[in-house]
Amino acid sequence: MTTSRMPALFLGHGSPMNVLEDNIYTRAWEALGKTLPRPKAILAVSAHWYTRGTAVTAMEHPRTIHDFGAFPQALFDVRYPAPGSPALAERIQALLSPVAVQADTGEWGFDHGSWGVLTKMYPDADIPMVQLSIDGTQPAEYHYQLGQKLTALRDEGVMIVASGNVVHNLRMVKWEGDAEAYPWANSFSQFVVDNLHWKGDAKDHPLVNFMQHEGAALSNPTPEHYLPLLYLLGSWDGVEPITLPTQGIVMSSLSMLSVQLG
């Protein structure tokens, strides 16, 4: 690891309402933006761009996507006008070759999985940014391997910010603010924490083979909120420190665990 390597993050983004709220999680994201080295650019990997095939935003001015419903108008009024970076999109296409990465020049933009956390980290929206989609047709090991290929960006001043939730079961959410976490949610979140420092072949990694955990099916009825974590883990060099900027489970079935490399 070089001293100039950018940190990389997986942020448990939780409810879109975190954009409007001030709480322990949003304050932790704000602190990261103030204390981490300032990146030249950001690569966001969000649970909310779940596609067939892999794509990267390649436009100069990506739009802010409000991919949710039934929230206050103030949330729909938020814009995150960070500039795009066609050059970074091209660099990502080259790094991920021979995977065919589509250059998206208008269909997508920045969804709330990315801007929802970055509006707290970098509220001025003045850092060039691209977003990479998650190919829902591919197995977990594939996403880990893409993370390995993207590691080079961190030595080029690019911060990888993956965003999801390692426990994400909306069907079993309890809306009471003080509701206790389900035992399976606690168990699976702890399983993730316990295996972050695992070293070995990707095919044997407990967190690549996460569905073998007894709580995985309830914690992740669908995998899109978990998979961003694998992009982060794939970029770990096996030496740099791993820390947890946030932990906790809200509404009984949403993990707010965040992971920092470097």
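**Entry 1: histidine 168**

I began with histidine 168, which I found in the loop between β8 and α6 (183-194); helices (H or I, at least four residues) and strands (E, at least two) are DSSP runs, numbered from the N terminus. Before going on, I noted that this is a predicted model, where local features need pLDDT of at least 70, side-chain atom pairs count only at pLDDT 80 or more, and totals for chains, interfaces and linings use all residues. Residues are numbered from 1 along each chain as its sequence is written, and side-chain values use heavy atoms, with hydrogens and water left out.

Is histidine 168 buried or exposed? Histidine 168 counts as buried because its relative accessibility is 13% (buried is under 20% relative accessible area, exposed over 50%, partly exposed in between, with a 1.4 Å probe and protein chains only). Its side chain makes a polar contact of 3.3 Å with that of histidine 225 (a pair of N or O atoms within 3.5 Å; within protein, one must be able to donate a hydrogen and the other to accept it, and residues adjacent in sequence count only if both atoms are side-chain atoms). Not counting residues up to four places away in sequence, I listed Ser219, Asn220, Pro221, His225, Ser253 and Leu254 as touching histidine 168 (contact means heavy atoms within 4.5 Å).

**Entry 2: lysine 174**

I then looked up lysine 174, also placed in the loop between β8 and α6. Lysine 174 counts as partly exposed, because its relative accessibility is 33%. Leaving aside neighbours within four places in sequence, I found lysine 174 in contact with Ala179, Tyr182, Met251 and Ser252.

**Entry 3: helix α3**

Which residues of helix α3 (residues 86-96) are buried? I noted Leu88, Ala89, Ile92, Leu95 and Leu96. They lie on the same side of α3 because they cover an arc of only 125° around the axis, taken from the directions from the helix axis to the C-beta atoms. On the other side of α3, Ala87, Glu90 and Ala94 are exposed. Among the elements covering the buried residues of α3 are β2 (41-51), β5 (101-104) and α5 (140-154).
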